[in-house]
Amino acid sequence: MSKKEDKKGKKKKLSFKRTVSNNLFALKIIWKNAPFYMTVYLISSIIYGILDFLVGSFMLRLIVDSISEKNEVSRIITIVAGLGLINITFNFFMQWFWNVLSPRYTNRIAAHVEKMLFKKAGEVELACYETPDFYDKYVKAMDEAYTRVTKVMRSLNLLIQRIVALFSNSLLLFFIDPVLIIFGVFPLLLGIFRRKSNVLSHKISTEQKPLNRRAEYVRRTFYLGEYAKEMRLGNMYKNMLRDLAATYTDFKAIVKKYRVKRALYEYFQHIGLEVITILGAMLYSTYSAMCVGVDNGGMSIGDCVVVLNSIGMISYCLNSLVQNVSEFGEHGLFLEDVRFFLDYEPAIKWGELTVPSEGGVLSVNNVSFRYSGSEEDTLKNVSFSLNKGERIALVGSNGSGKTTLVKLLMRFYDPTGGDISLDGKPLKEYDGESFRKSFGTVFQDFKLFSMSVKNNVLLRKSTENEDEKVVSALKNSGIYDKVNGFEKGIDTVLTREFDDLGENMSVGEQQKIALARVFVSDAPFVILDEPSSALDPIAEYKMFENMMKATEGKSVIFISHRLSAAVLSDRVILMENGSIAECGTHSELMAQNGKYASMFKKQAESYLGSEVVSHG
Amino acid sequence: MADKKKIKQSIGTVFKNNIYMLKQVAHYTPGYFVFMIIEGVVWGLINSAEAIFTFNLLNSVEYGGNFGKVVLILGIMALFKIITGAFDKWYWHIYNPLLKQKLHLKMQAELFKKAHTLDVACFDDPEFYNDFVWAMDQSDKRAVEVVEDTGKLINRVVASTALVSLMMTVSPWVAILILVMSVLTIVLDTMVNKLSFRQSKENNPLERKKKYINRVYRLADHAKELRISGADGLLMDEYDQNTEKLIEVQTRYGKKYFWFGVFEWMVLGDGIFFAMLIYLILQMNAGALQIGGFIAIISVYWRIRWLLSDLIERLTKYSLHSLFIEKYREFFKFEPTVKSGSLPVPEFESFELKNVSFSYDFDALPKYKFHDEDYVPPKKEANRDALKNVSLSFKKGEKLAIVGYNGAGKTTLIKLIMRLYDPTEGEILYNGTDVREFDVDQYRKRIGAVFQDFKIFATSIAENVMNGEYSESDDKEKVLNALDMADFSVKLDSLEDGIETKLTREFDEKGTNLSGGEQQKIAIARVFASNCDMMILDEPSSALDPNAEYRLNQAITEKTKDKTVVFISHRLSTTRMADRIYMFAGGRLQEEGSHAELMARNGKYAEMFRLQSEKYELTQQ
């Protein structure tokens with residue numbers, strides 16, 4: 001517990017070193033992906049800073065001096081016009097750079113970062129999705145990554161610009177009167193208030209996150225069609241409105257906790273900068289010019305006026321500089337999440353072995369498994385092996401551990417006790433990609449992608465002449481007629497989200513598409529988790545027939561509630577409370593007259609009437 | 001259809017819409033509204049006062065001049081900043097955050113309540129749904145933006161008017177230059193805005209695609225598929241193509257923005273500034289202007305320029321606000337078509353559908369009128385779930401089954417019975433009275449229904465079972481009973497907090513995630529708990545294992561003896577025990593009768609039944 005809190009406390013106060021390192025991390029990415037962009041960007045920052053100084057302060061002083069010394073007016077006008085020309089030309093090029101050139105680079109950089117995250121997302125183990133702490137960071141990283149890296153660049157640009165302007169203006173002031181530097185340095189001390197205020201603001205937004213999630217959930221229940229029916233039948237909507245109100249109460253508490261402190265920090269900063277620094281400098285320089293006088297070592301009126309003008313500039317630069325620096329702090333915090341995720345070492349590691357194309361013997365030896373955060377084992381001492389070409393039906397009531405077992409077989413999780421091996425070698429010695437690709441699978445909660453039917457079936461890039469294969473898979477899963485009826489056939493995009501010609505399919509139809517994935521794959525192992533739950537009887541019947549043909553010679557595990565399917569298997573495993581209760585062929589188990597037999601009879605009875613069963 | 005080009009809103013519409021939103025804000029949070037105005041006006045005055053002080057200060061600086069006056073001006077400025085700073089920080093950090101949130105909450109609650117009254121059909125029509133229901137997502141944030149933009153707008157107008165008038169008295173030419181510059185900038189910005197509106201239209205589908213891919217990787221839903229297939233590579237390809245398209249669009253528009261930028265920054269910005277400088281130098285050279293005055297003019301010039309550019313930026317946002325507000329207003333104006341009657345609902349006796357037909361009539365729903373010229377409304381679902389001339393009736397205590405293939409119209413029938421839709425033709429009678437005459441909420445509570453695509457809410461089991469209204473003292477028995485009937489007791493015993501256990505871990509670390517079958521049991525328990533005389537079970541056992549299915553069927557037969565039960569299933573084992581079976585195909589009622597009658601008839605039902613039972617029979621022999 002205390003360890004966890006330690007970690008959280010640490011996270012909010014990122015060390016200076018880590019902040020720098022995180023920002024450098026972002027800059028390195030930019031440099032690698034777009035060196036030209038970065039170079040132009042950085043050089044332009046320096047030029048902007050210099051021009052700001054030249055136009056905003058230096059030129060004014062020249063004008064004032066030239067007027068007070070009654071110099072020839074044409075000279076100063078030439079200088080002003082010249083500066084104007086330089087300014088305009090530079091801006092012309094920069095407009096081109098910003099509007100026309102930079103989209104290419106910013107998008108590529110952002111895409112690069114996002115893809116790094118995607119890649120990692122494909123590597124981490126499934127358990128990560130179920131650990132709220134990890135998942136929160138992951139979501140944050142995903143939200144931020146796209147824009148955050150380019151924001152670092154923007155902050156750096158401003159930083160350089162401000163530093164150049166600040167440095168040159170301070171130099172000018174120093175030449176006018178060294179004492180003025182005090183007024184320049186003072187605001188730096190005020191940065192501490194800004195920093196404190198920012199830390200509070202980050203705290204508020206972090207503490208608010210769960211509330212936002214809650215409110216978001218309420219919103220979903222009102223706005224999403226899938227909840228519309230239930231929300232109209234009972235009074236659940238009242239609960240939801242109450243929840244919404246509760247989030248507000250909690251939100252208030254969070255804001256109230258920090259708001260006075262934060263307002264005070266902001267106020268101190270305001271007074272320090274606006275009153276003490278700026279008005280102080282004004283008082284000092286007007287005194288020097290009006291009461292001491294240039295002859296007694298004071299300022300000239302021209303200098304004084306320039307000071308009055310540029311002290312504002314300096315304070316503006318300093319103010320934004322402080323903000324700028326704290327921006328890096330903020331970037332650092334967000335990038336920390338991104339890096340945490342990218343640096344995360346997946347707990348599931350793989351080896352080098354390739355899975356033979358004809359498969360092998362999968363053995364489960366005394367395997368136990370417990371989900372993290374759970375207090376009970378979901379699987380207890382399970383042992384069996386799946387031989388080459390064998391078909392096992394996994395049956396049992398809900399929550400008996402069937403799906404978990406399958407997930408372990410595919411190594412989405414590692415067992416907490418016991419081990420699983422393929423041809424006698426532990427799974428971890430196999431190459432991950434080769435191992436996972438050796439399974440053709442339909443999950444209970446299968447998902448289709450918003451892509452073409454073909455891609456959804458192949459789930460990989462298609463090569464030439466694969467249409468045949470896809471078509472026959474679709475035929476086998478009994479959905480080809482439907483797909484063929486679409487205007488674009490197997491190239492039809494599923495869902496209309498991105499394509500007006502796309503097609504929405506019913507759940508049963510979707511399941512058939514998912515099944516086609518198994519038909520099309522040459523994987524030696526096939527896993528079917530409730531393959532027919534959304535199918536109507538005729539479709540189910542045909543599907544099973546085809547499935548048996550297509551998986552000839554393959555090792556198959558299927559989970560089904562309909563025991564009629566179990567009849568077709570070589571072996572039936574009945575799971576109960578995470579353990580194997582019965583195991584054998586259908587007829588063995590029927591003869592054994594145990595739990596399986598009683599389950600089977602119950603189901604048969606509902607179709608055939610009790611007489612038939614008892615006489616059978 | 002006729003006025004498709006209406007995307008160009010008139011200024012009047014923009015104005016009216018924004019005023020409407022401000023009125024809403026004034027209604028929900030008067031304090032917020034008042035402070036918006038105070039902030040605007042007072043701050044405008046203060047900003048300009050500061051500029052005027054500085055101006056005077058610069059003008060007073062001369063050697064041996066009246067230093068006391070300078071000190072006085074600086075003193076007043078200090079006092080000013082101390083007081084206004086305090087107000088500013090109080091307002092933005094103490095008062096505003098809470099009020100803003102309060103506004104969010106109140107508006108959201110109203111929107112939710114309205115969404116709750118919508119017809120279910122509104123959710124089925126993609127066009128209505130996208131334009132109105134889902135768009136409401138943003139409207140409360142929009143309201144805050146309207147308020148804050150308006151406050152700032154008032155501020156900028158007050159401040160810049162004061163400063164331009166000041167400038168008028170000092171250097172009328174410069175003042176005129178500034179005015180001309182502002183007018184031209186406004187014109188340019190309007191053009192740029194139109195351009196960016198067009199760009200965002202082109203960008204939208206690309207952005208959506210990008211978000212989709214992000215979602216695929218982010219949510220756990222697709223995690224398994226991604227790990228076992230090459231879908232990853234496919235998505236990456238799409239992502240890359242999408243990025244290139246985004247770059248293409250942005251670069252194409254960037255070239256147009258470039259010219260606007262050149263004109264705005266070079267001609268109106270730098271050009272005018274340097275011209276002004278030269279003019280002022282000449283003035284000083286001629287002795288018409290003092291050095292202090294010169295610096296003062298420059299500093300006021302910068303301030304006005306900043307005020308104006310900010311003002312313009314905000315002004316152009318109003319038309320965008322207006323587009324959203326238009327949706328918001330339409331949304332609130334929309335009257336649901338399923339209207340409640342006034343009759344109280346008596347105990348259930350009989351039910352009858354008389355020649356009922358139904359098809360989705362999406363055109364009846366309002367359409368958003370400010371779409372782009374090239375807007376293509378989403379394709380509608382074909383009316384495949386429509387019903388044609390269905391007549392059936394049942395009485396209290398009867399058990400009936402509705403069977404048929406996917407898409408035969410079974411679920412639509414249930415929605416009609418529940419009055420989630422009204423029939424397009426024919427009538428539905430409850431105890432002989434048209435259901436439209438009854439109070440709709442009361443009516444729906446008379447019928448217990450579990451849908452095929454039921455939803456479990458992220459709240460306690462008890463509240464889920466009671467559909468929201470749970471009180472421990474009155475309902476505990478009822479909930480426990482219902483859960484027992486739905487065969488959930490075993491699982492319940494394993495839960496530490498019993499029926500108070502929160503479902504899903506989304507908001508409660510101690511919550512529990514139920515499997516599909518367990519969730520279905522909760523949904524079924526809802527029906528048992530409602531204790532209605534009429535129950536509708538749409539595929540009640542699809543996610544249940546054989547044992548659970550068997551026990552459920554037992555429970556239903558035993559405990560609902562005097563009740564009416566309507567089953568919908570394509571698993572015919574479940575429907576066998578019904579008194580009467582209705583077989584649907586293609587939206588029509590095909591066959592009806594008892595199991596034995598239908599088997600004897602040897603029609604579609606018989607065929608379907610044989611296919612399903614075949615495998616069981618084979619193994620029995």
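Strand β9 of chain B is joined by five bridges to strand β10 (residues 588-593) of chain B, and the two run antiparallel. Strands here are DSSP E runs of at least two residues, helices are H or I runs of at least four, and both are numbered from the N terminus; two strands pair if DSSP finds at least two bridges between them. The structure is a predicted model, in which local features need pLDDT of at least 70 and side-chain atom pairs count only at pLDDT 80 or more, while totals for chains, interfaces and linings use all residues. Residues are numbered from 1 along each chain as its sequence is written, with chains lettered from A and ligands numbered from 1 in the order in which they are written.

Turning to the two chains together, their contact (C-beta atoms, placed from the backbone, within 7 Å) draws 130 residues from chain A and 139 residues from chain B. Helix α9 (residues 236-292) of chain A contributes the most to the chain A side, with 29 residues.

As for confidence, the model scores ipTM 0.78 and pTM 0.70. The average pLDDT (the predictor's confidence in each residue, from 0 to 100) of chain B is 83, and 94% of its residues score at least 70.
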